[in-house]
Amino acid sequence: MPRDPVCGNYVDADTAYKREMEGVTYHFCSADCADEFEVNYEEYLDVEEQRSAKEQ
Ligand SMILES: [Zn+2]
């Protein structure tokens, strides 16, 4: 199940709220989260990278 990178909620894969960035599709719980991600895209990417680095 995809995860909303903005608020951290799990979202349905066929949600209407999606954004594609650099060939990767991101899913969101709401238009607000999708818009927020678009504006602060690089910030959220950094958070994801830090998180996966910690888990390894
Ligand atoms: Zn959200």
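Which residues are exposed on the other side of helix 1? Hold that thought while you set up the view. Note that this is a predicted model.

**Whole chain**

Start with everything shown as a cartoon. The protein chain has 2 helices and 2 strands. Read from the N terminus, the order of elements is β-β-α-α. Buried residues account for 16% of the 56 residues in the chain. Of the contacts with a separation of 6 or more, 25% are between residues 24 or more positions apart.

Now colour by pLDDT. The chain mean is 88, and 80% of the residues reach 70 or more. Helix 1 has the highest mean among the elements, 96. Helix 2, residues 41-55, has the lowest, 71.

**Helix 1**

Select residues 31-39, which form helix 1. Show side chains. The buried residues here are Cys-33, Ala-34 and Phe-37. They sit on the same side of helix 1, because they cover an arc of only 100° around the axis. Turn to the other side of helix 1 for the opening question: Ala-31, Asp-32 and Val-39 are exposed there.

**The core**

Which residues make up the largest nonpolar core? Select Val-6, Tyr-26, Phe-28, Cys-33, Ala-34 and Phe-37, 6 residues in all. Helix 1 supplies the largest share of this core, 3 residues.

Next, centre on Phe-37. Ignore its neighbours within four places in sequence. Phe-37 is then in contact with Pro-5, Val-6, Arg-19, Tyr-26, Phe-28 and Tyr-44. Among these partners, Val-6, Tyr-26 and Phe-28 belong to the core as well.

**The hairpin**

Move to strand 1 (18-21) and strand 2 (24-27). The two strands run antiparallel, joined by 4 bridges. Together they form a hairpin with 2 residues between them. Pick Met-21 and look across: Val-24 in strand 2 stands opposite.

Now select Glu-22, in the loop between the two strands. Is Glu-22 buried or exposed? Glu-22 has 6 other C-beta atoms within 10 Å, so it is exposed.

**Arg-19**

Step back along strand 1 to Arg-19, which lies in that strand. Arg-19 counts as partly exposed because it has 16 C-beta neighbours inside 10 Å. Which residues does Arg-19 touch, not counting those up to four places away in sequence? They are Tyr-26, Ala-34, Phe-37 and Glu-38.

The separation is 8.9 Å in space and 16 residues in sequence.

**Ser-30**

Last stop: select Ser-30. Where is Ser-30 found? The residue is in the loop between strand 2 and helix 1. With 16 C-beta neighbours inside 10 Å, Ser-30 counts as partly exposed. The C-alpha atoms of Ser-30 and Ala-16 are separated by 8.5 Å, while the two residues are 14 apart along the chain.

**Last view**

Definitions and conventions:
Residues are numbered from 1 along each chain as its sequence is written. A residue is buried if 20 or more other C-beta atoms lie within 10 Å of its own, exposed if 12 or fewer, and partly exposed in between; C-beta atoms are placed from the backbone. The arc is that of the directions from the helix axis to the C-beta atoms. Two strands pair if DSSP finds at least two bridges between them. Two residues are in contact if their C-beta atoms, placed from the backbone, lie within 7 Å. A nonpolar core is a set of buried Ala, Val, Leu, Ile, Met, Phe, Trp, Tyr and Cys residues joined through C-beta atoms within 7 Å. pLDDT is the predictor's confidence in each residue, from 0 to 100.
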